[in-house]
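Here are my notes on the model you sent. Please read them with the structure open.

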Amino acid sequence: MNTTEVKGNWNELKGKLKQKFATLTDNDLMFEEGKREEMMGRLQIKLGKTKEELHEIISDL
């Protein structure tokens with residue numbers, strides 16, 4: 001899944017991520033233009049996953 005697909009479906013993906021990982025909040029999943037890496041860093045810290053693992057999780061949703 002590329003960045004454009006993620007941006008277009010972000011609200012749906014956000015809901016699925018929150019179902020899968022109950023510890024995530026709306027602030028953790030805030031997607032702002034130009035701040036994608038910052039959001040991915042927050043998710044890496046909160047979930048204890050690598051960047052590659054996060055990309056795989058999001059792609060699998």
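1. Start with L29. Not counting residues up to four places away in sequence, L29 touches W10, K14, L17, K18, L24, M39 and L43. Contact here means heavy atoms within 4.5 Å.

2. Some ground rules. This is a predicted model, in which local features need pLDDT of at least 70, side-chain atom pairs count only at pLDDT 80 or more, and totals for chains, interfaces and linings use all residues. Residues are numbered from 1 along each chain as its sequence is written, and side-chain values use heavy atoms, with hydrogens and water left out.

3. Confidence. pLDDT is the predictor's confidence in each residue, from 0 to 100. The chain averages 85, and 87% of the residues score at least 70. Among the elements, helix α1 (residues 3-8) has the lowest mean, 64. Helix α3 has the highest, 91.

4. Layout. The chain has 4 helices and 0 strands. Both are DSSP runs numbered from the N terminus: helices are H or I with at least four residues, strands are E with at least two. Among contacts between residues at least 6 apart in sequence, 31% join residues at least 24 apart.

5. The core. L29 is also among the residues with the most contacts inside the largest nonpolar core, which has 13 residues. Helix α3 gives the most, with 4 residues. A nonpolar core is a set of buried Ala, Val, Leu, Ile, Met, Phe, Trp, Tyr and Cys residues joined through side-chain atoms within 4.5 Å.

6. Burial. Of the 61 residues in the chain, 25% are buried. Buried means under 20% relative accessible area, exposed over 50%, and partly exposed in between (1.4 Å probe, protein chains only).

7. How do α3 and α4 pack? Their angle is about 100°, with the axes 10 Å apart. Helix α3 is therefore roughly perpendicular to α4 (65 to 115 degrees). Axes are lines fitted to C-alpha atoms, for helices over the stretch in contact, and angles run from 0 to 180 degrees between N-to-C directions. From α3, the contact uses R36, E37, M40, L43, Q44 and L47. From α4, it uses K51, L54, H55 and I58.

8. The loop between α2 and α3. T25 lies here. T25 counts as partly exposed because its relative accessibility is 35%. The C-alpha atoms of T25 and K14 are separated by 9.4 Å, with the two residues 11 apart along the chain.

How values were computed:
Angles under 35 degrees count as roughly parallel, over 145 as roughly antiparallel, 65 to 115 as roughly perpendicular and the rest as oblique.
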